[in-house]
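Here's a structure to walk through together, with the cut-offs spelled out along the way. Have a look at the model first, then read on.

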Amino acid sequence: MSTPEAEEYQEETEYLEEEEAAEEGAEEFEEEVAEEDLADTAVSSLKEVQDKTFEEVRLPADVLAEVQQAWTAFISSASSREAAGEAIFAALFDSAPSLQSLFKTPRSVMAMRFMNGLNSIISAASSPSALKTQVETLGFQHLDYEVTVPRVVIFRDAIIDLFDMEMGARFTSKAKLGFRALLNYVGGAYIYIRREYAGRIKIINTSWRIANNKAADFMDEVGAEGEGGEEGEGEEGKEGGEEAAKEAEAKAAQEGQGNARASGDAEASGEAKNANNMKVPTTFNEMFIFNGAVMGFGSSLWMNLILEQFDNMVMN
């Protein structure tokens, strides 16, 4: 049998639980509204190319769904992915033939790059962080291209016009809005990355090439010295062969003195070799090997593996 105190306590507990549930529901609703507002703001801000900042962007769920459906429909309408890529390539360069001079890669390869690039962007569009990472990766791959706002607009309009022509009514207004926002975002990011990071990366690449050229020059000099030495030895051997008979008696008479001189020359040669071995490192490879030996890693194979992979790490 329950007491009045117990009933009152139970009522208070139920009231508190209802309040907590209501607060949680309100918070979830506010978060959803905030996300929707953020998505709407992103679409509004990406009606044009934005190259001043590069931040994460979130598209509205309904717009993103229309974009993905339109992309799937476009791929399905083509006989193959290669054909879809060729259509994008043709649409782009038919609208702006002057852009062809920017691309030296064969047409078929370039068409597939367009196709794969767009596919990766659309696949990552549902996650703001993944989309930014993907676009950033593509941006670094396009550092050598002079991407400008007018060129981004040409590229964007060519693709949207192609989709509109190929899909007709299936290319809805929301899909068009989404593609416009995505392509503006990507183009603005390319411009931003090239402006902010290209100079620094070029300094690194140039410095690395200089270091490698020094190493190549060093090896060329060593090779030239070796060839010169062999030629000199050949000439001396030839002259010595011609005068061998004339000097035979003189060498026999001075055999003891000659042996002494030979011994002295050998010691001098050994000292010269030691001096060459003590040469101060002047290239990256030489300094790396020298420091490894000083630290006791001269016989470690993994140090050589690191040295071999440095070029890939720096250049990529």
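Phe-155 comes out as partly exposed, at 22% relative accessibility. On this scale, buried means under 20% relative accessible area, exposed means over 50%, and partly exposed is what lies in between (1.4 Å probe, protein chains only). Before going further, some ground rules: this is a predicted model, where local features need pLDDT of at least 70 and side-chain atom pairs count only at pLDDT 80 or more, while totals for chains, interfaces and linings use all residues. Residues are numbered from 1 along each chain as its sequence is written, and side-chain values use heavy atoms, with hydrogens and water left out.

Back to the rings. A pair of aromatic rings is described by the distance of the centres and the angle of the planes. Here, rings of Phe, Tyr and Trp (its six-membered ring) pair if their centres lie within 6.5 Å; planes under 30 degrees apart count as stacked, over 60 as edge-to-face, and the rest as tilted. The structure has twelve such aromatic pairs. In one of them, Phe-89 and Phe-114 have ring centres 6.1 Å apart and planes at 40 degrees, so this pair is tilted. Phe-89 belongs to helix 3 (residues 81–95) and Phe-114 to helix 4 (residues 107–124), so to speak a link between distant parts of the chain, 25 residues apart. Both ends are tucked away: Phe-89 is buried at 8% relative accessibility, and Phe-114 is buried at 11%. Phe-114 also makes a tilted pair with Phe-155, at 5.6 Å centre to centre and 55 degrees between the planes. That one joins helix 4 to helix 6 (residues 149–167), across 41 residues. Elsewhere, Trp-71, Phe-74, Phe-163, Phe-171 and Phe-179 make up one aromatic cluster.

What does the overall fold look like? The protein chain has ten helices and zero strands, these being DSSP runs numbered from the N terminus (H or I, at least four residues, for helices; E, at least two, for strands). Of its 316 residues, 27% count as buried. Take contacts (heavy atoms within 4.5 Å): among those with a separation of 6 or more, 72% come from residues 24 or more positions apart.

Now for the charges. Side chains of opposite charge can pair when their charged atoms come close. The working rule for a salt bridge is a side-chain nitrogen of Lys or Arg within 4 Å of a carboxyl oxygen of Asp or Glu, and a search of the whole structure finds seven. Arg-195 meets Asp-51 at 3.9 Å, N to O. Arg-195 sits in helix 7 and Asp-51 in the loop between helix 1 (4–45) and helix 2 (61–77), so the bridge ties together parts 144 residues apart in sequence. Asp-51 is buried at 14%, whereas Arg-195 is partly exposed at 41%. Arg-195 also bridges to Glu-196, with the closest N and O atoms 3.2 Å apart, and Asp-51, Arg-195 and Glu-196 are linked in a network.

Another bridge joins Lys-174 and Asp-62 at 2.7 Å, N to O. Since Lys-174 lies in helix 7 and Asp-62 in helix 2, the pair ties together parts 112 residues apart. Lys-174 is partly exposed at 37%, and Asp-62 is partly exposed at 38%.
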